[in-house]
Amino acid sequence: MVSGYRGKGYDFTITSSTAFDHKWIYQKTIYENISQIVDRYFANYLSRPNVLQPILTQYCDGKRVTCPNWMSQWGSKYLGDQGYSAIEIIRNYYGDNMYINEAKQIAGIPSSWPGYDLSIGTTGDKVRMIQEQLNRIARNYPSIPTISVDGNYGQNTAAAVRQFQSIFNLPATGIIDYPTWYKISQIYVGVTKIAELT
């Protein structure tokens with residue numbers, strides 16, 4: 001158990017025990033399909049009417065460990081195999097007044113996902129912002145071509161996006177979908193923070 005947090009004035013303790021919190025280990029192996037699923041649903045959270053904070057839904061495997069009033073991994077899989085949707089599975093365990101919402105903004109990134117893919121023909125401020133970010137990233141990753149910052153998503157922007165996607169192990173479609181948007185944001189924040197240090 002890491003006990004130093006309270007001693008530093010924080011009002012929490014990180015246990016690294018899945019009985020209390022969800023453990024993640026830096027540089028530990030992760031699986032690409034899991035990473036893609038997390039990217040797709042990262043902004044989603046569960047809520048109930050008239051409750052401001054997100055709802056924590058705890059779970060266990062349901063075979064080796066049983067947990068009354070919690071969701072079960074294998075029980076959820078069984079319901080999914082029967083055709084239940086994600087919200088139907090959640091409501092099966094936690095009641096009919098549960099909802100899946102999407103955060104409008106995620107802290108720590110320049111701008112949240114606009115809610116639609118950016119591709120050839122898209123125009124506007126979101127395209128301009130992505131073009132600026134890609135150009136800044138290209139200083140650290142010179143194989144990404146520098147593009148005009150004009151707010152028009154054309155062939156050159158698509159080529160820069162494809163190169164970015166291939167560098168960061170994303171499907172090289174040339175389309176800025178949800179995972180690509182947040183990877184560009186993550187890398188942009190990273191390279192600009194590095195620049196601040198020098």
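Q: Which residues of α3 meet which in α4?
A: Gly-75, Ser-76, Leu-79 and Gly-80 in α3 meet Ile-89, Asn-92 and Tyr-93 in α4. Contact means heavy atoms within 4.5 Å.
Q: How do those residues divide into nonpolar, polar and charged?
A: Three nonpolar, four polar and no charged. Here Ala, Val, Leu, Ile, Met, Phe, Trp, Tyr, Cys and Pro count as nonpolar, Asp, Glu, Lys and Arg as charged, and the others, Gly among them, as polar.
Q: What kind of model is it, and how are residues numbered?
A: A predicted model: local features need pLDDT of at least 70, side-chain atom pairs count only at pLDDT 80 or more, and totals for chains, interfaces and linings use all residues. Numbering runs from 1 along each chain as its sequence is written, and side-chain values use heavy atoms, with hydrogens and water left out.
Q: At what angle do α3 and α4 pack?
A: About 130°, with the axes 10 Å apart. Axes are lines fitted to C-alpha atoms, for helices over the stretch in contact, and angles run from 0 to 180 degrees between N-to-C directions.
Q: Switching topic: is Ser-47 buried or exposed?
A: Ser-47 is buried, at 6% relative accessible area. Buried means under 20%, exposed over 50%, partly exposed in between (1.4 Å probe, protein chains only).
Q: What does Ser-47 touch, beyond residues up to four places away in sequence?
A: Ile-55, Asn-97, Met-98, Tyr-99 and Asn-101. The C-alpha atoms of Ser-47 and Asn-97 are separated by 8.3 Å, though the two lie 50 residues apart along the chain.

Terms used: Helices (H or I, at least four residues) and strands (E, at least two) are DSSP runs, numbered from the N terminus.
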